[in-house]
Amino acid sequence: MTEGKIIVAGIGPGGVEDITPSVMDALRICDVVIGYKPYLKYVTHVLREDCVLVDSGMRQEQQRAAAAFDYAASGKVVCVVSSGDAGIYGMAPLIYEMSKQRNEDVDIIVLPGISAFQKAAALLGAPIGHDVCLISLSDLMTPWQVIEKRVKAAATADFVTAVYNPRSHGRYWQLQRLLEIFLEERDPATPVGYVRNAGRDDSSVCVTTLADFNPTDVDMFTVVIIGNSQSYRYNGRIVTPRGYYRDTTSEGKNMGQNIMIQSFSTIMREMSNPNVPLWRLWPTLHAIHTTADFEMEKLLWMDEAAVATMYDRVLNGKITTIVTDVTMVASGIRKGALERLGINVVCYINDPRVKEMAENEGITRAMAAMRVASSEYPEALYAFGNAPTALLELCSLMRKGKCRPMGVIGSPVGFVHVEESKHALKTFTDVPKIIVEGRKGGSNLAATLVNSVLTFNDAELLNPGRDV
């Protein structure tokens, strides 16, 4: 008697043209073909006349697997067919599991097929050009809590995500929940494509975005593919680049700049809301990069287009000097940017006049420094990273008309008068300001916020670190 064996074959998503030659050869030699009834119609034309067909309905996978082992035990060559690829949500895992459970000594061969997500991707263009995650929303054998964890992981990790079994009559809310999770992590403009009956005569293809995607437009015969943060729409299709044509502006001139570019990219992926205007995003990225503190998304307060306004004043020659409250702020401002833009940085904290004034008038050196600075540079850009008394003194000088700054960076740090100084600064509505609210701040923050102003022309391409 001929030795029996089981061939588990993926017959592709539907069209005969998508069945691989190796699967065709296997179908021609088999004694028995077992499969879900709607799939068998795609292979009957290649079978031998004496081939036995065993078809069954939905959710009868275990019965089909058992029949395969019974036929193979009698010496038959059995082909168990799955749509798409037999190893992806198909019959191959079940055949191996049953072989182990029954302790069957039967030769098992798995032949790959074109998966539904691959066919859908081809019809959509090139949406899976980079790392991809496959998720089934069917909770018949997997608890929803587990599925949701996987959905969150895929969304957070920026995988291109292909969704199987997205929606059915009884499973109507799961896709909506997936959409909510992805919108928490991805830009609403992220491309989304879905294909119904991929590879079959009645297939349909649609390209949309996360924001416009309507879950009620799909059913269990649909594969949904969600792009990653690099995916884009082109000529009605979706493309996820592999990286061959990276914009040269995204590559730094040295290791330091490359690290900063990569850091900004990481920050954007992890921000709770990166979809803010560029004039807000750019200083926020700098603040988070300097502190590794994502609370800066909430703490950074600024006037409408403050960074853009201050940068325009740099270009127009209205800002030629930056005054800092302490030398550490001055040290953190990029020298390359200052030289490129022709800007001078001054700090009066160690000026002999300041020391004398502080002693004679019983005020802090930081306050005295502001009095001297305002008399020499009343229209400078002022940056505070340490001394709240200096910021309060500047506000007092502004109220008296002795100082008219072209912009103010307010991020003093500490516990005494810190919050009050920032509240006072907010009242000057005619001065563009960036403020780190609350007690947090520091010289490093003040310096990096100044740097965000000096490099605002790099913001559109998100290309930080030119002067690093």
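I began with strand 1, residues 5-10, in this predicted model. Five of its six residues are buried, so strand 1 is largely enclosed by the rest of the structure. I took buried to mean under 20% relative accessible area.

Next I looked up the neighbours of strand 1. Strand 4 (residues 77-82) runs parallel to strand 1, and six bridges join them. In that pairing I found I6 opposite V78. Strand 5 (residues 107-111) is also parallel to strand 1, with five bridges between them. There I noted L111 of strand 5 as the bridge partner of A9.

I then turned to helix 5, which covers residues 116-124. I listed its buried residues as A116, F117, K119, A120, A121 and L124. I noted that a lysine, K119, is on that buried list. Just after helix 5, I found G125 with a positive phi of about 120°.

Last, I checked the whole chain. I counted 18 helices and 19 strands. Of the 468 residues, 51% are buried. The radius of gyration is 33 Å, whereas a compact globule of 468 residues would have one near 23 Å. The C-alpha atoms fill a box of roughly 110 × 40 × 35 Å along the principal axes. Among contacts with a separation of 6 or more, 69% join residues 24 or more positions apart.

For charge, I have 47 positive and 53 negative side chains, and the centres of the two sets are 3 Å apart.

Conventions: Residues numbered from 1 in each chain as written. Predicted model: local features only at pLDDT ≥ 70, side-chain atom pairs only at ≥ 80, totals over all residues. Heavy atoms only, no water. Buried < 20%, exposed > 50% of the residue type's maximum accessible area, 1.4 Å probe, protein only. Helix = DSSP H or I, 4+ residues; strand = E, 2+ residues; numbered from the N terminus. Rg over C-alpha atoms; globule rule 2.2 N^0.38 Å. Contact = heavy atoms within 4.5 Å. Lys, Arg positive; Asp, Glu negative; His and termini not counted. Charge placed at Lys NZ, Arg CZ, Asp CG, Glu CD. Pairing = 2+ DSSP bridges.
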